[in-house]
Each structure stands twice: as C-alpha cells, then as structure tokens.
Amino acid sequence: MADDRGDFDIAHVAGLARLALTPDQQALYRTQLAAILAYAAQVSAVPTDGVPPMVQADASPDARRDDAIAPSLPAGDALRNAPDAELATALFRVPRVIG
Amino acid sequence: MTPPGPETITDWRDAFVRGAASARDHGERALARLDDEGARLGAVLTLTADRARARAAQLDAVRDRTTIGPLAGVPVAVKDNICTAGVCTTAGSRMLAHYIPPTDATVVTRLERAGALIVAKTNCDEFAMGSSNEHSAFGPARNPWDPSRTPGGSSGGSAAVVAARIVPAALGSDTGGSVRQPAGFCGCVGVRPTWGRVSRSGLIAFASSLDQIGPLTLTVRDAASVLQAIAGPDALDATTIPAAAPDWAAMLSGDIRGCRIGVPRHLFDAGVDDDVRTSVLAAIEAMRARGAHVVDVTLAHASLAVPVYYLIATAEASSNLARYDGVRYGFRARGGADLREMYEQTRRQGFGAEVTRRIILGTFVLSAGYRDAYYVKAQQVRTLIARDVEAALCAADVLALPTSPTVAFALGERTADPLSMYLSDVFTVGASLAGLPAISVPCGFSREGLPIGLQVIGRRGDEATMLRVADAVERDTNAWRQAPSDSRHHGGARA
C-alpha cells in the first residue's frame, strides 16, 4: 500500500472504511492524503524507544461501578430514527446479507 | 452602534431576577434576533422555540426568582453536535439531517437546571471536523466582524451568535481547538476544560481521547458561570473527573501578583501575524505590570503537535464514525443490492469531503502493517508533547501564547488545501493532546479591526488559575467591550 512516496492504495483503504468512491474522488484523496502523510513523516523521525504511548489524558483511574440493572432506552425509542424498521417485532430491516 | 439591551449573562440574569423582564421576554428577544441576524450569519441550524417557551413559562411561574440558579432566564445556544431530546441534532452532517435524539446531553440538562433557556442549535463543521465552519453540510457560518471571513471552527455558529450579542452564552466542543479558535476569531471568550471536567454524554463523538465541551461567552466571569453549571462528575460518562466543580467566578479578583506566566517565545516568529504577536506580547507585559512573573519556557516538540494530532484524531474518528451505516439511525442510500453496497453508498453520500478525507486517513493509520508506524508512533510522540507542556507548567503556573497565528481568514481561502487549514490549529492542539484546560480571551484587534485572541493554558484540573489570569487580561485590554457593530465607527482601533 504505502510506498516510499507516502502514496497508498486508496481503493483498498476506502473499502476498509466502507466508502464507495468515484474515480475522481479516489484521485483527489490520493493526492491530498499523500501530502498529509508526507507532512506527518516528521513524526516518524522522532526517537521514541521506551516511550509509552499516551492513549488518553488520564482522568479517572478507576471508573468501575456496580453491575446494577437499570432501565435502558425503550425499543420503540431506539427504532424511531431507523431508516427502515419493523416496530411490531422491534427489528431493523436491512438489504439481503446472504445470497 | 451597540444594540440596546442586555449583553452579558450578568445583565440578562439581573434583568430577569429584578423583574425588569420576564423569561418569556428574554426568550422572544433572543429567538427573534437568531431568526434574523443569526440566520444572516449562517449561524443557526434550528431554533428551539417550543422548548425555550415551555421553559420560560416554568421560570416565569416561580415566585422568588433569586432561587432559580446562576443562569436564570438566560438564553443559551448549543452547538448542533450536542443532543437535544425531541429537537433535530445534525452535527452539521447530511448523515444526521433528520436525526431526533431520544435523550438530552448531560450539559443540556444541567444548563436548564441552572435556569437557562435553550434557544437554538448552532452551525458547525460536519462532526466538528474543521477550522472554518466551511465543512458544514448546511453552508458556512460567517464572522460578525466581517461576513466575508470565517468565524473559525468547528464551533463557528456558537462563536458568531455570542460575538454578535444575540445570546450571552453558547456551548461548543473542542477537540483540537474548536472552541478556542472561533472564540479568538470572533472576539469572545472560549474555554476548553480539563479533559474529563465536563460530561460528554450526548456529545456526538469525534475523537474520544480529545473531545471536550466548553462555553463561549463575552466575559471570563460568564464563562466561569457556565462552566460551573455544566461541570462535575456524571454517571453517564465514565471519563468524568470525580471532583465537584468549584465556584470559579468567585475567584476572579484581578490579583495575579506572584503568578508565573510561562511564555514559549520561540513559537512566536514563523507564520505568526505581526499584529497578533504585538497584541499578545502587550497583554503579557500588562500581566507583568500587575505583578505577575513572566518566564521563558520551551516546548521542544511543539512543531510535531499538528501532525500528531491529525494522526490520532483521524484514527479515533474513523472508529467513532463507523456507526453511521444506514441501519440504526441517520441517512440510508437507496438501491443498495446487498448490505455491503448499502453501507458503501450510504457513507459516500452521507459524509462530506472533509469527513471522508479524515475517515480514509484514520482507517489507513489503523490498518494492518501501518498501525505501529503511524498510530502508535503518534501516541508515543503525544507522550513527549504532554511531558514538555507539563515540564513548562512546573516552571510556570500557566502558559500564555496566541490562540491562532492569524486573525480570521477569508471564506474559501483554505478549503482547497486541507494541510493549510490544519496548520491554523498549531497553537491549540498542544493543550488538547495533553488534556489540559485552556482559554482564549480577547486581547486586541488587528489593523483591519479583526479580533485577536490570547490563549492561557493551565495545569490539569486548575481552571481556577487559568481563569484568574484570563480575567486579568480582560480587565487590562477591555477588548470584549467593542462589539462588531461598533467596528465601522472605530475604524479598526486597537483596544
């Protein structure tokens, strides 16, 4: 995918992200993202042996709570914004998955 | 000419509590101006008139108005990536153009509990991704100081309605600077709290290790009042800090004697407008005159903050935005023959160009074979950046620097070159990556009469010192007192 020029296989990455791009969009994003990755290459040059990755600005070290059952969103509310749902059976309807 | 009537939260609240105006009067005044000037600025996506009127009726029925709360009868606008039950919440995206949240964000509940009237949902860059509000699916918001320029982003609509004196306060969200930069561009105050200070329950997620909700107001005192109303632990957000919110507004004395102000002067040269540098340095000199100690500090990895931010934020965004698949909520493309085609067409048609660009970049940096080289590497350099800032905050109590290297730029100026847009975040992403509180406070004007923001960064959990220093800057410059509608008469005078 990425070669020495910071170029990469845009169609493969778009597929991973579930985005159907037109050929024009593929060309535009390939150029723009190559420039951004070339700019980001300065990060690769920094020595980081033994430096731990910072996952988040640690706020609360222990966020556990009791595993108590509490009311959750009613199914009807959860379905209300769905593009296609069957309220009677509380199901989301999607296109065919298996042939 | 300044429009007659209340300006700050204190003005609006006092008028209501004294009985000079009803909550209904306040609500109608704000709604009418949002519908007129707010709409002309492209700042408003939805007026929440029914909700505001219902809340106003409740407040007007209270016998003793002094008991209501710090935001009694005060109209507040909310960025449209913050959920409002029963009111359309789009995040500036076609994907959520008709989305009606089933519940309120915690911050919305808390604003209303403090007596506020929620009057509007404001325009923003799509999913808060942008620095100019030009990436909204519903058109750009405009800067009240010069409508040909950006109000900044992504909380551009919130900054515009506050700067235009339509409402005294608005909420925004700040991932890499999305509250502070528009506040700076529009001449208002904008706060990014310590990461974890304010609940994100009901905030539409962009980059979860960075996102924070914060207020935009005209004064530091008002920002402190709103922050106190929305801050504090929340069972619905496990990342909130357990500590209760202190009464920050009561701590604003103007006394900063002995306070150590760290200034990273090595960042003030390349790419920083002369007027921005002059104005910020003058404000720092005024702090010295108040008895503060100004010390030089160095942020050795500062030049890496923008690339590190964009690697981490896009990776997190690609994961957070995977939920928009046309199944449970939001837009679905017609005609997909199978599930995968439906997903791909929905996401192609539902997301705008900048969001698509960031999802692709984030997917790439997380993909097999590249994750360690890009994403984990960026997280390691994030550690180095955070260590630099924390070391500087041992030698100093707060850091002072520009909010942005330039004043508000023209609409259209940077949309063709994403990288040039990203570089406008150079001074704001550092505090975001380190999880520290930071504020933008107006400190002056450029020669063409555009506002300039000074940024103050505090230690983790120490909003108090940050707010006290920013309040001192406000007392010295008084820049907030000049309204956009005055600017023609002042001919771009410096405050």
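**Chain A–chain B contact and chain B in close-up**

**View 1. Helix α2(A) passes α11(B) in a right-handed crossing.** A crossing is right-handed if the near helix is turned clockwise from the far one by less than a right angle, and left-handed if anticlockwise. The model is predicted: local features need pLDDT of at least 70, side-chain atom pairs count only at pLDDT 80 or more, and totals for chains, interfaces and linings use all residues. Residues are numbered from 1 along each chain as its sequence is written, with chains lettered from A and ligands numbered from 1 in written order. Tyr29(A), Gln32(A), Leu33(A) and Ile36(A) of α2(A) make the contact with Arg357(B), Ile360(B) and Leu361(B) of α11(B); contact means C-beta atoms, placed from the backbone, within 7 Å.

**View 2. The side of chain B that touches chain A draws on α9, α10, α11, α12 and α13 of chain B, each giving two or more residues.** The contact takes 56 residues from chain B and 44 residues from chain A. On the side of chain B that touches chain A, the largest share, 11 residues, comes from α12(B).

**View 3. Chain B has 16 helices and 11 strands.** Its C-alpha trace spans about 65 × 55 × 45 Å along the principal axes. Of its 495 residues, 62% count as buried (20 or more other C-beta atoms within 10 Å of the residue's own, C-beta atoms being placed from the backbone). Residues 24 or more positions apart account for 76% of the chain B contacts with a separation of 6 or more.

Methods:
Contact = placed C-beta atoms within 7 Å. Helix = DSSP H or I, 4+ residues; strand = E, 2+ residues; numbered from the N terminus. Buried ≥ 20, exposed ≤ 12 C-beta atoms within 10 Å, placed from the backbone.
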